Amino acid sequence: MNAGTTNAGTTRPDPVDRVLRTVEDAAAAVGLTGVVVTVALIVIDVALRYLVGAPLSWSVGFVGDYALVGLFFLGLSYTVREGAHVRIDLVHKRLGPAGRRVLAVTGSALTAGFLALVGYGGLLLTAGALRHGDVPLAGASELSWPVWTSAVLVPIGAGLAVLRCLHTLVHDLRGPAPAAPETPLTSAAEEIA
């Protein structure tokens, strides 16, 4: 998917894919940093709780509002690109090239539509929180950063994933049918059958 084919059969780089990959890699790295920070905060929080009886009061709010939301939404486009999302390979593998193409095109279009709705909802949430100056209720969170600062991760991640789905859709419409995936699980299932 990283290159297109010319009429002469040579490959040429796809500049849209190259830019998209760069942004996806950066977003996924930021999301993955959230995992590292979450693990570090949990270890520090537990140590402080048992050693000095004073856990970090803000860590749960940070993990729930930023680290987990960032991990999911900022890594979403990368996951779609790598084909690491949930797919029923058994059905996909048993289809011929035309069936796989229909499945791929339909899946990309439906996923793009769904994620566009999620991104739009996240955009409305972010805009409303920004407009009204929303912050967590007193006592509800020790981390009283404005709500929009975490809500904005939803439209950013969903928007990037929509772009990836649309790029994949165009690629699938122009190129050959996607190959049947070869995984250890499907190989083992074939041996049994």
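Over which residues does pLDDT stay under 50, and how many contacts beyond four places in sequence does the model have for them?

**View 1. Confidence along the predicted protein chain.** The structure is a predicted model, in which local features need pLDDT of at least 70, side-chain atom pairs count only at pLDDT 80 or more, and totals for chains, interfaces and linings use all residues. Residues are numbered from 1 along each chain as its sequence is written, and side-chain values use heavy atoms, with hydrogens and water left out. The predictor's confidence in each residue, pLDDT, runs from 0 to 100. It stays under 50 over residues 1-10, for which the model has 21 contacts beyond four places in sequence; a contact means heavy atoms within 4.5 Å. The average pLDDT of the protein chain is 84, and 82% of the residues score at least 70. Helices (H or I, at least four residues) and strands (E, at least two) are DSSP runs, numbered from the N terminus.

View 2. Among the buried residues of H4 are Arg 100, Ala 104, Leu 115, Gly 122 and Ala 129; buried means under 20% relative accessible area, exposed over 50%, and partly exposed in between (1.4 Å probe, protein chains only). The cover over the buried residues of H4 includes helices H2 (59-82), H3 (89-94), H5 (148-151) and H6 (153-174). Gly 133, with a positive phi near 65 degrees, follows H4.

**View 3. Packing of H4 against H6.** The axes of H4 and H6 come within 8 Å and cross at roughly 160 degrees. Axes are lines fitted to C-alpha atoms, for helices over the stretch in contact, and angles run from 0 to 180 degrees between N-to-C directions. H4 and H6 are therefore roughly antiparallel to each other, a term for angles over 145 degrees.

**View 4. Ser 108 in helix H4.** Ser 108 lies in H4 and counts as buried because its relative accessibility is 10%. Beyond four places in sequence, Ser 108 touches Cys 165, Thr 168, Leu 169 and Asp 172.

**View 5. Arg 49 in helix H1.** Arg 49 is found in H1 (residues 15-51). With 39% relative accessibility, Arg 49 counts as partly exposed. Not counting residues up to four places away in sequence, Arg 49 touches Ala 54 and Pro 55.

Conventions: Parallel < 35°, antiparallel > 145°, perpendicular 65-115°, else oblique.
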